[in-house]
Amino acid sequence: LKQAGVGLPLLVGGAALSDRFTRGRIAPAYEGTVVYCNDAMNGLDTLNRLMDPDQRTRLEAELLEREHAGAPPTPAGEAYPETETRSARIALDVPIAPVPDLDRHLEEALDLDEIWTYVNPQMLYGRHLGFRGRFSEALAAGDVKAVELERKIDAVKQECREGAMHARAVWQFFEAEGDGNRIHVFEPGGVVPLETFAFPRQRKPDGLALSDLVLPPRRDARGRALERDHIAIFVTTAGAGIRERAELAKAAGEYVRSYALMALALETAEGAAEWLHARLRAAWGFPDPPELSRKELFQARYRGKRYSFGYPACPDLEQQAKLFRLLRPEEVGVQLTEGFMMEPEASVSALVFHHPDAAYFSVGTGDAEDADLA
């Protein structure tokens with residue numbers, strides 16, 4: 001944009017970005033105003049401020065002050081040399097968890113009501129629909145706004161039950177071996193990898209990479225793998241036909257219904273991912289305990305973790321192409337764009353690891369380098 005002479009205000013967001021990265025890396029490389037927006041409602045408020053001359057002046061002054069007082073111009077830890085040394089923080093004395101099969105599984109019609117029990121209400125009503133405060137608590141207390149918002153979503157849910165929305169999933173367990181910062185994925189007993197995923201490692205002492213979460217294989221005297229660890233790979237989607245329906249609702253002036261359809265589809269895909277991950281944990285032999293609350297579920301207080309490309313531990317979206325070659329999610333209606341984004345948007349892909357030391361971490365921006373590992 002800079003090379004093209006564009007200097008209009010630039011709003012950025014998404015899972016792969018942070019305000020710190022925006023201030024330290026994007027803003028200095030652009031001629032115009034750059035603002036990080038953490039959700040759609042924040043983006044709308046920012047646009048309103050930019051359209052008002054007085055508010056725009058104040059906003060730009062705030063951004064300039066934060067830029068001068070904020071992050072260094074390069075990500076934290078970048079001076080540390082690159083390495084492929086496995087982190088000692090991930091234990092090796094963990095049994096390889098057996099899997100029930102190595103078949104490709106496909107479900108064309110997931111039970112929407114069951115999936116919706118895995119939807120985080122705070123994400124749906126707070127992040128997407130702009131409800132202020134804790135939605136579940138407000139609803140339980142009879143808050144008028146919370147009750148009315150739930151009523152509107154219930155109407156959209158009924159529309160979805162009647163055929164407007166279809167939730168689908170495809171998943172498979174694969175044999176896997178770690179190799180430095182890479183994970184090789186094999187067909188059963190295979191010698192040549194089907195695909196190899198490459199991951200960045202935290203540039204800090206004892207830095208983490210996702211490849212650390214794959215346990216070394218047991219080998220015979222000739223070095224052949226007798227038993228390999230496994231990862232699971234999946235794609236869930238609930239977006240087929242939703243954008244078109246939402247656009248029709250918008251054209252008819254039904255703005256709340258239009259936005260609610262899109263928000264519900266996004267969170268249904270996320271709910272389906274949470275539902276499927278729970279099934280994968282059970283198939284691996286460590287089902288969630290009955291006492292695990294939904295709040296603890298949404299906080300990922302269970303063994304293992306799932307990681308999606310574009311997020312802090314594996315920010316390279318181009319790796320999606322390998323996932324698509326392995327899983328062929330086109331069969332459930334999910335395509336990969338030239339920019340390695342999924343279409344429809346209401347889709348989730350992930351690599352799933354069973355290792356009990358798995359935690360969410362960042363490899364790049366310096367924000368919350370380790371989210372769970374203390």
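Me: Which exposed residues does the face of H8 turned away from its buried side carry?

Reply: This is a predicted model, in which local features need pLDDT of at least 70 and side-chain atom pairs count only at pLDDT 80 or more, while totals for chains, interfaces and linings use all residues. Residues are numbered from 1 along each chain as its sequence is written, and side-chain values use heavy atoms, with hydrogens and water left out. Helices (H or I, at least four residues) and strands (E, at least two) are DSSP runs numbered from the N terminus, and a residue is buried under 20% relative accessible area, exposed over 50%, and partly exposed in between (1.4 Å probe, protein chains only). On the face of H8 turned away from the buried side, the exposed residues are Glu244, Leu248 and Ala251.

Me: Which residues of H8 are buried, and what covers them?

Reply: The buried residues of H8 are Ile242, Ala246 and Ala249. Seen down the axis of H8, they fall within an arc of 60° (taken from the directions from the helix axis to the C-beta atoms), so they line one face of the helix. The cover over these buried residues includes helix H7 (144-164) and helix H9 (255-284), where contact means heavy atoms within 4.5 Å. After H8 comes Gly253, whose phi is positive, near 85°.

Me: How should I read a salt bridge, and how many salt bridges does the count come to?

Reply: The criterion is a side-chain nitrogen of Lys or Arg within 4 Å of a carboxyl oxygen of Asp or Glu, and by this rule the count comes to 21 salt bridges. One of them joins Arg243 to Glu345, with the closest N and O atoms 3.0 Å apart. Since Arg243 lies in helix H8 (residues 242-251) and Glu345 in the loop between strand S12 (342-343) and strand S13 (347-353), the pair ties together parts that are 102 residues apart in sequence. Arg243 is partly exposed at 39% relative accessibility, and Glu345 is likewise partly exposed, at 46%.

Me: Which residue forms a salt bridge with Glu331, and where do the two partners lie?

Reply: The partner of Glu331 is Arg104, and their closest N and O atoms are 3.0 Å apart. Glu331 sits in the loop between helix H11 (320-327) and strand S11 (335-336), whereas Arg104 belongs to strand S3 (residues 104-107), so the pair ties together parts that are 227 residues apart in sequence. Glu331 is partly exposed at 48% relative accessibility, and Arg104 is partly exposed with a relative accessible area of 24%. Salt bridges can also be linked in a network, as they are for Glu159, Arg245, Glu254 and Arg257.

Me: Turning to the strands, why is S9 described as largely enclosed?

Reply: Nine of the nine residues of strand S9 (residues 229-237) are buried, so the strand is largely enclosed by the rest of the structure. Both faces are covered, with Asp229, Ile231, Ile233, Val235 and Thr237 buried on one side and His230, Ala232, Phe234 and Thr236 buried on the other.

Me: Which strands pair with S9, and in what sense?

Reply: Two strands count as paired if DSSP finds at least two bridges between them. Strand S4 (residues 168-179) pairs with S9 in the antiparallel sense over nine bridges, and Ala176 stands opposite Asp229 in S9. S13 also pairs with S9 in the antiparallel sense, over six bridges, and here Phe234 stands opposite Ala350 in S13.
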